[in-house]
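Please read the following report alongside the sequence and the coordinates. It covers a strand neighbourhood, a ligand site and several individual residues.

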Amino acid sequence: MRPEALNCLFVETDSLDGVGPKLKRPLEKLGLTRLRDLVYHLPDRFVERRAVTHLDKANVGENVIVQLTVREHRASSGRGPFRVVTEDALGNICTITYFGRASYTAKKQLPVGETRWVAGRLDQYGQMLQMVHPEHVSEDSAAPVGQLCEAVYPLSEGLTQGRVGGLVQQALKVLPELAEWIEPSLYDKMKWPAWREAVMEAHRGVNGPARDRLAYDELLANALALMLVRESNRRQSGTPLKGDGALRAKLKLPFALTGAQKRSIDEIEGDVAQQAPMLRLLQGDVGAGKTVVALNAMLIAVEAGAQAALLAPTEILARQHYETLARMLQGTGVEIALLTGRDKGKAREAILMGLVGGSIDIVVGTHAIFQDTVSYRNLALVVIDEQHRFGVGQRLMLARKGRRTPHTLAMTATPIPRTLTLAQYGEMEVSKLDELPPGRQAIDTRVVSVERMGDVVGAIARHIETGQQAYWVCPMVSESENDDLAAAEARYAALKERFGEDVVLVHGQLKPEAKDAGMERFASGEASVLVATTVIEVGVDVPNATLMVIEQAERFGLAQLHQLRGRVGRGSEKSTCLLLRGQQLSETARQRLALMRETQDGFRLAEEDLQLRGGGELLGTRQSGDTPFRIASLEQITKLLPLAHDDARLLIERDGGLTGPRGEAARLLLYLFERDWGVQLLRGG
Ligand code: ADP
Ligand code: MG
């Protein structure tokens with residue numbers, strides 16, 4: 001049960017003034033459903049403004065607050081902007097420009113003949129001074145002058161800064177005082193503010209310590225939850241699995257295992273022979289051959305008379321795994337089944353019967369395989385694939401079916417730096433596939449300016465003429481998914497004009513069935529070019545696809561680029577990856593693209609990316625998807641995670657876990673960051 005002190009923070013946003021069904025949706029898109037989320041919706045940056053008496057004192061490009069008198073309104077014909085001509089105290093003319101359907105607001109806020117305080121960015125348009133969509137217009141000076149330093153929040157479509165800022169302010173009104181969960185000596189040493197104060201300051205622009213503290217809280221919550229998983233796991237009893245090797249001997253693989261694969265299988269075999277459930281992470285770059293390691297692990301379970309399950313993050317991936325594994329298992333007599341949320345009726349019933357009766361040895365599926373209605377006769381091993389977005393803990397919870405805790409093998413292709421491995425997986429044992437199967441060809445990676453788009457399309461034409469296929473990854477245009485979709489659709493339309501029905505479009509907003517159908521057309525070779533948003537990031541294996549184009553490559557994180565690039569270079573043909581870059585590149589962006597060209601070693605890319613970003617380049621929210629954290633930046637993770645880790649360990653090993661006053665406070669923290677599965681594990685014993 002959530003501690004009472006937090007209840008006020010977990011109230012839905014529609015309890016706030018002005019939030020109805022219409023505003024709720026765009027808020028939800030930003031992940032803002034409860035007051036807690038608003039409280040932790042921290043500004044991207046702050047605008048500093050200067051109040052000036054007249055425009056001679058202001059610079060072009062500067063954010064100012066100034067008193068202006070309205071001379072006239074000028075509507076333009078058609079879709080042109082609406083202009084309000086104003087002058088300052090000295091008679092300097094400044095045009096205030098509104099695009100779109102904002103003229104109604106403009107007329108209301110700036111009537112002819114009236115004087116108003118206006119806050120916005122001063123620009124030059126030809127010879128004229130102008131302000132486009134000023135941020136504040138007010139009759140009296142108090143309101144805009146109160147905004148000399150204003151937070152700029154991440155937005156989604158349908159939201160304005162004013163709206164989001166106002167809601168955050170409302171949410172901050174209910175902030176409770178919470179008991180301190182940070183270790184007292186660390187708290188003193190860091191001179192951090194208390195939680196409530198830290199939140200207020202982070203929204204007010206007093207950054208440094210306040211934001212560090214909030215980041216630390218997030219890291220501590222995660223470390224603590226993972227530590228609780230580990231502790232609880234130690235106390236669980238699993239099924240020791242000893243396979244006789246009979247099934248593994250029957251596997252007819254067209255290749256010999258690499259040294260790294262053999263070593264990983266040995267490590268797994270050692271773990272599952274123990275009574276304590278295995279908690280192991282198999283880390284291996286894209287194409288390193290994790291599937292066959294997972295298969296061997298699952299066969300150990302089957303040889304020992306038990307069942308195994310493989311959990312994939314998407315339907316497409318589940319299907320692909322199922323097909324690969326079923327092929328490898330031919331002639332072994334092992335029964336394998338696929339179960340996804342889409343299976344209904346008789347087919348589903350049959351699989352459920354097979355699982356509970358034990359006639360199915362291995363099941364592959366999405367999270368549907370862990371629903372309450374699914375029971376197993378003897379599930380002893382769970383493999384979790386592509387566990388890269390979120391902490392592993394929650395998935396581990398899912399895996400707890402029946403009296404005995406299954407052994408768990410988590411697999412990830414995301415080469416994450418060591419610090420982040422700790423953050424994401426806590427103290428799991430790690431097996432590393434640090435050796436690619438022999439015969440892989442390097443992917444020829446080139447950085448190409450977007451100005452050469454025509455050449456790139458020509459290259460695609462020549463490429464598909466040879467019977468090979470190509471991926472085209474669309475740019476991330478903005479923070480808004482809709483804009484990304486629009487860009488993808490525009491690219492799709494353009495390529496379709498050239499290549500006709502050979503092109504297929506797949507994006508995140510398609511229904512799963514439509515997405516699969518599109519992927520299927522490409523995988524079967526019916527379509528030659530797959531235009532996609534980043535949905536192809538996880539999974540898919542089409543060896544005949546040997547060319548990849550990534551638009552606006554500089555906007556992607558290195559880890560993401562690496563994952564994307566890993567979709568090619570899977571067959572025997574030589575593969576190429578074209579990274580299209582914009583005309584203007586920051587120095588860091590240039591270095592990162594150069595690094596992509598230089599190396600294909602995911603671990604090296606991950607480490608260097610961290611270094612480059614540690615240099616202080618502002619992270620877009622997109623890239624924060626590389627870590628499981630919303631508040632802590634990579635820099636803060638590097639700096640604070642080891643401390644959080646030690647703090648968590650002390651609390652559990654020395655200070656009695658979640659009992660006692662600090663333990664109670666830590667419990668608050670876990671709920672606040674929704675790592676309460678950690679608490680539940682404790683209760684489960
Ligand atoms: P990932 O680690 O990305 O999941 P996969 O398991 O899909 O990689 O393997 C990638 C490809 O490499 C597959 O086609 C697989 O059959 C092949 N492969 C795996 N192990 C070896 C090996 N030891 N020698 C040659 N090819 C291998
Ligand atoms: Mg894989």
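Helices (H or I, at least four residues) and strands (E, at least two) are DSSP runs, numbered from the N terminus. By that rule, Gln636 lies in helix α22, which spans residues 634–653. Buried here means under 20% relative accessible area, exposed over 50%, and partly exposed in between, with a 1.4 Å probe and protein chains only. Gln636 has a relative accessible area of 10% and is therefore buried. Its side chain reaches the backbone nitrogen of Ser633 at 2.9 Å. A polar contact is a pair of N or O atoms within 3.5 Å; within protein, one must be able to donate a hydrogen and the other to accept it, and residues adjacent in sequence count only if both atoms are side-chain atoms.

This is a predicted model, in which local features need pLDDT of at least 70, side-chain atom pairs count only at pLDDT 80 or more, and totals for chains, interfaces and linings use all residues. Residues are numbered from 1 along each chain as its sequence is written, chains are lettered from A and ligands numbered from 1 in the order in which they are written, and side-chain values use heavy atoms, with hydrogens and water left out.

**Strand β5**

Strand β5 covers residues 93–98, and five of its six residues are buried. Two strands pair if DSSP finds at least two bridges between them. Strand β4 (residues 82–87) runs antiparallel to β5 and is joined to it by six bridges; within this pairing, Val84 has Ile96 as its bridge partner. Five residues separate the two strands of this hairpin, and Gly91 in the turn has a positive phi of about 90°. β5 also pairs with strand β8 (residues 128–132), here in the parallel sense and over four bridges. In that pairing, Cys94 stands opposite Leu129.

**Ligand 1**

A residue is near a molecule or strand if one of its heavy atoms lies within 4 Å of it. Ligand 1 is surrounded by 15 residues, the closest being Ala256, Gly287, Lys290, Thr291 and Arg440.

| Protein side | Ligand 1 atom | Distance |
|---|---|---|
| Ala256, backbone N or O | nitrogen | 2.8 Å |
| Ala288, backbone N or O | oxygen | 3.4 Å |
| Thr291, side-chain N or O | oxygen | 2.6 Å |

Taken alone, ligand 1 exposes 560 Å², of which the protein buries 76%. These accessible areas come from the Shrake-Rupley method with a 1.4 Å probe; for residues, only the protein chains shown count as cover.

**Residues with positive phi**

Most residues other than glycine have a negative phi. Lys191, which is not a glycine, has a positive phi near 55°. Lys191 sits in the loop between α6 (184–190) and α7 (195–204), and counts as exposed because its relative accessibility is 67%. Gln552 is likewise not a glycine and has a positive phi of about 45°. The loop that holds Gln552 runs between β22 (545–550) and α19 (558–565). With a relative accessible area of 28%, Gln552 is partly exposed.

A disulfide is a pair of cysteine sulfur atoms within 2.5 Å; the whole structure contains zero of them. Cys149 is partly exposed at 32% relative accessible area, whereas Cys474 is buried at 2%.

Leu226 belongs to helix α8 (residues 208–235) and is buried, with a relative accessible area of 8%. Leu226 and Tyr425 are 199 residues apart in sequence, but 7.2 Å apart in space, C-alpha to C-alpha.
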